[in-house]
Amino acid sequence: MPAQHNRYRAKERNNVLNRPEFMSLNQPVRSTHEGRSPVKRYSGQAGPPQQAPADTKDSAQLPEEDCMQLNPSFKGIAINSLLAIDICLSKRMGVCARSSSTWSSARPIVQLIGITGHGIPWIGGTMFCLTKSYTPAGQEVLLNLLMALILDILMGAGLQKLVKRRGPSEGTRGILDYVVMDVFAFPAAQASRAVMVTRFFLNHLVLAVPLRILMVIWAGVIGLSRIMIGRNHLTDVLCGFIIGYLQFNFVELLWLPSGTCQRLASAIPL
């Protein structure tokens, strides 16, 4: 028995596969799952195995809003394209926006045209005419016009505060703009006021045909002047026209009758 054991040990020493450089051939074949494991294993070395980086796990837990949308929706592409076109056209039409613009010399005249659609002159003029009116029909029209102007200022200021869109060329705001809360660009408050006043006059005043045409042209020029001086975008003015058109319909629903206007006129110290 000892002789047989010695022969076995000699045979093991003479085996080529027992050499250190061929030790890996004697290791059992690892499975596919173990080969793809993120934990790196070391044979013949002591110490705990190193953990795989947690980048894959962290990237899988990122919130959806932090991930880049490689396939945006058609709706998002259309909206962004329309906004880009709006900004480009508005800047091209802003020929009086800056001192270096093409029509910079005409900026004071364009600003003067815009003042004709401002809220303060319209409210002040309506109250002045109300003090000089003594007929029930005149007081009815003027009081409803005053209510419509106040409603227009409140609605325009509320929408501007909600959207907070800046104009193409941000300049210093006048003191009258802060009084009527016309600080932001969307919607164009003067454009909505011009359309509402135009519809009000065309429906409740007897005007000749040339005056009716001039009223419509005036409303369009007011909106164009806001774009030329860089205060509003093209879409701001168009939305202002739509809002002013709808505001008149709302004023018609809230129309104060002649008796109510008489009591209000007698109660207001004018």
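**Figure 1. Phe-200 and Phe-248 in the predicted model.** Both Phe-200 and Phe-248 are buried; the coordinates come from a predicted model. The two residues form an edge-to-face aromatic pair, with 6.4 Å from centre to centre and 90 degrees between the planes. Phe-200 belongs to helix α9 and Phe-248 to helix α11 (residues 234-253), so the pair ties together parts that lie 48 residues apart in sequence.

**Figure 2. The cluster of aromatic rings.** Five aromatic pairs are counted in the model. Ring pairs join Trp-122, Phe-200, Phe-201, Trp-218, Phe-248 and Trp-255 into a cluster. A pair of aromatic rings is described by the distance of the centres and the angle of the planes.

**Figure 3. Helix α9 against helix α10.** The axes of α9 (residues 189-204) and α10 (residues 209-228) come within 8 Å and cross at roughly 175 degrees. Because angles over 145 degrees count as roughly antiparallel, α9 is roughly antiparallel to α10. On the α9 side, the contact is made by Gln-190, Ala-191, Ala-194, Val-195, Val-197, Thr-198, Phe-201 and Leu-202. On the α10 side, it is made by Arg-212, Met-215, Val-216, Trp-218, Ala-219, Ile-222, Gly-223 and Arg-226. Sorted by class, the contact of α9 with α10 holds eleven nonpolar, three polar and two charged residues.

**Figure 4. Two cysteines, Cys-129 and Cys-261.** Cys-129 is partly exposed, with a relative accessible area of 39%. Cys-261, in contrast, has a relative accessibility of 0% and counts as buried. A disulfide is a covalent bond between the sulfur atoms of two cysteines. The count of disulfides in the model is zero.

**Figure 5. Ser-105 in a loop.** Ser-105 sits in the loop between α4 (74-93) and α5 (107-115). With 68% relative accessibility, Ser-105 counts as exposed. Val-95 is ten residues from Ser-105 in sequence, and the C-alpha atoms of the two are 10.0 Å apart in space.

**Figure 6. The whole chain, for orientation.** The chain has twelve helices and zero strands. Of the 270 residues in the chain, 30% are buried. Among contacts with a separation of 6 or more, 70% are between residues 24 or more positions apart.

How values were computed: Residues are numbered from 1 along each chain as its sequence is written. This is a predicted model: local features need pLDDT of at least 70, side-chain atom pairs count only at pLDDT 80 or more; totals for chains, interfaces and linings use all residues. Side-chain values use heavy atoms; hydrogens and water are left out. Axes are lines fitted to C-alpha atoms, for helices over the stretch in contact, and angles run from 0 to 180 degrees between N-to-C directions. Helices (H or I, at least four residues) and strands (E, at least two) are DSSP runs, numbered from the N terminus. Angles under 35 degrees count as roughly parallel, over 145 as roughly antiparallel, 65 to 115 as roughly perpendicular and the rest as oblique. Contact means heavy atoms within 4.5 Å. Ala, Val, Leu, Ile, Met, Phe, Trp, Tyr, Cys and Pro count as nonpolar, Asp, Glu, Lys and Arg as charged, and the others, Gly among them, as polar. A disulfide is a pair of cysteine sulfur atoms within 2.5 Å. Buried means under 20% relative accessible area, exposed over 50%, partly exposed in between (1.4 Å probe, protein chains only). Rings of Phe, Tyr and Trp (its six-membered ring) pair if their centres lie within 6.5 Å; planes under 30 degrees apart count as stacked, over 60 as edge-to-face and the rest as tilted.
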